[in-house]
Structures are given as C-alpha cells and as structure tokens.
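Here is a short briefing to read alongside the model. Please keep the sequence and the 3D view open as you go.

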Amino acid sequence: MGKKLFWIVVLIFSGCKGISQKNQNQMEETKNKEEVVYEVTKTDAEWRAELTEDEYYVLRKAATERPFTSELLENKDKGTYVCAGCATPLFRSENKYRSGTGWPSFDLEIEGNVAYDVDYDIGYKRTEEHCATCGGHLGHVFDDGPRRTTGKRHCINGIALDFIPDSK
Ligand SMILES: [Zn+2]
C-alpha cells in the first residue's frame with residue numbers, strides 16, 4: 001500500500017559540530033605533545049571511578065555533549081560555574097549569554113583558570129579549552145561572540161561544569 005517515505009533530517013549546527021571523540025591517530029598525536037603536569041592529576045581509572053560516564057567522556061576523552069541537553073543551558077541564576085572534575089571556578093554567571101547553539105556559552109572565562117590548545121578533530125583548526133587545574137576538556141572558543149563585549153564565544157559542554165549559586 002503506497003510508497004514508504006523516508007525522511008532524512010540532517011541537522012547542521014554552527015560551532016561545536018558533531019562528536020569530537022578523538023580517533024586513534026589523534027590520540028597518538030596528543031601523547032607526543034609536551035607533557036603538561038596539572039595540579040590535580042589522577043589516573044584514568046581514578047577519573048573513571050569518580051566521574052559519571054558522561055562527565056568522563058567529555059572531560060577526559062574530549063567528547064561533545066548533544067546540544068540542548070545541558071541542565072545549565074537555561075540557567076540564569078547568579079553564581080559561579082566550576083569544573084565538574086576538580087571544582088576550579090571557570091566562568092561567572094554575568095559572562096553567560098544565550099548563543100542559540102544549544103551549549104552553555106560565555107563571553108569571558110575566569111582569567112588564569114582556563115587553558116587553551118589547538119585541535120583539528122573535525123578537519124579544521126579550532127581552539128580547544130580545558131581546565132587549567134586538572135586538564136579536563138571543556139569545549140572550544142570561537143570569535144563570533146557578542147561584539148559589545150569580548151567578541152568571544154566560549155562554547156562549553158554543560159556536563160563539564162557544576163554551578164555554585166552565590167546565595168550558598
Ligand atoms: Zn578541573
């Protein structure tokens with residue numbers, strides 16, 4: 001009876017595209033990079049035991065959470081966003097803005113607590129950002145942020161953050 005219709009919906013998001021899980025070659029490249037010693041250093045097994053599965057894959061394996069899934073996306077409360085791995089303060093609520101990308105976005109980091117690296121995970125150059133204390137992957141920074149302020153868009157995986165309200 002009738003023809004079957006197949007609908008293929010391809011969603012293309014600007015920024016934080018796709019899943020950035022590293023392939024084998026890139027993992028090896030990473031190993032060859034200069035070793036950074038972080039203040040908070042744990043073995044892979046320790047991180048695995050301590051973090052939830054999603055936190056582990058984002059923070060330790062540089063995976064990207066699905067857009068529009070973070071509980072923190074619509075959070076407008078005043079407070080500090082800290083690293084879900086080691087509790088280092090990373091972003092302030094006054095620097096959070098609605099980017100429409102589906103990931104929590106900030107125009108400024110807490111200076112000195114976020115470190116940067118360059119990756120080519122999806123075929124072109126992006127600036128990766130991670131916690132300067134434990135090395136946990138947070139997301140990427142792009143130059144299409146609010147012009148009124150810094151012009152930067154820190155596109156962050158909400159799962160990599162915990163929120164501490166000012167009232168506490
Ligand atoms: Zn951290």
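Helices (H or I, at least four residues) and strands (E, at least two) are DSSP runs, numbered from the N terminus. With that in hand, T80 has its place in strand β1. This is a predicted model, in which local features need pLDDT of at least 70, side-chain atom pairs count only at pLDDT 80 or more, and totals for chains, interfaces and linings use all residues. Residues are numbered from 1 along each chain as its sequence is written, and side-chain values use heavy atoms, with hydrogens and water left out.

**Around T80**
- T80 is buried, because its relative accessible area is 15% (buried means under 20%, exposed over 50%, partly exposed in between, with a 1.4 Å probe and protein chains only).
- The side chains of T80 and R92 make a polar contact at 2.9 Å (a pair of N or O atoms within 3.5 Å; within protein, one must be able to donate a hydrogen and the other to accept it, and residues adjacent in sequence count only if both atoms are side-chain atoms).
- Leaving out residues up to four places away in sequence, T80 touches P89, F91, R92, I110, D162, F163, I164 and D166, where contact means heavy atoms within 4.5 Å.

**The zinc site**
- C83, C86, C131 and C134 coordinate the zinc ion through their SG atoms, at 2.3 to 2.4 Å (donors are N, O and S atoms within 2.8 Å of the metal, or 3.2 Å for Na, K and Ca; water is not among the atoms, so sites may look incomplete).
- The arrangement is tetrahedral because the 4 donor atoms subtend angles of 101 to 114° (four donors count as tetrahedral if all angles lie between 85 and 135 degrees).
- C83 is buried, with a relative accessible area of 1%, and C134 is buried with a value of 1%.

**The sheet**
- An open sheet of 6 strands runs in the order β3-β4-β8-β7-β6-β5, with antiparallel pairing (two strands pair if DSSP finds at least two bridges between them).
- Its edge strands, β3 (96-97) and β5 (114-119), each pair on one side only.
- β7 and β8 (residues 153-156) run antiparallel and are joined by 4 bridges.
- H140 has C155 in β8 as its bridge partner.

Conventions:
Four donors count as tetrahedral if all angles lie between 85 and 135 degrees; four count as square planar and six as octahedral if opposite donors are over 155 degrees apart and all others between 65 and 115; anything else is irregular.
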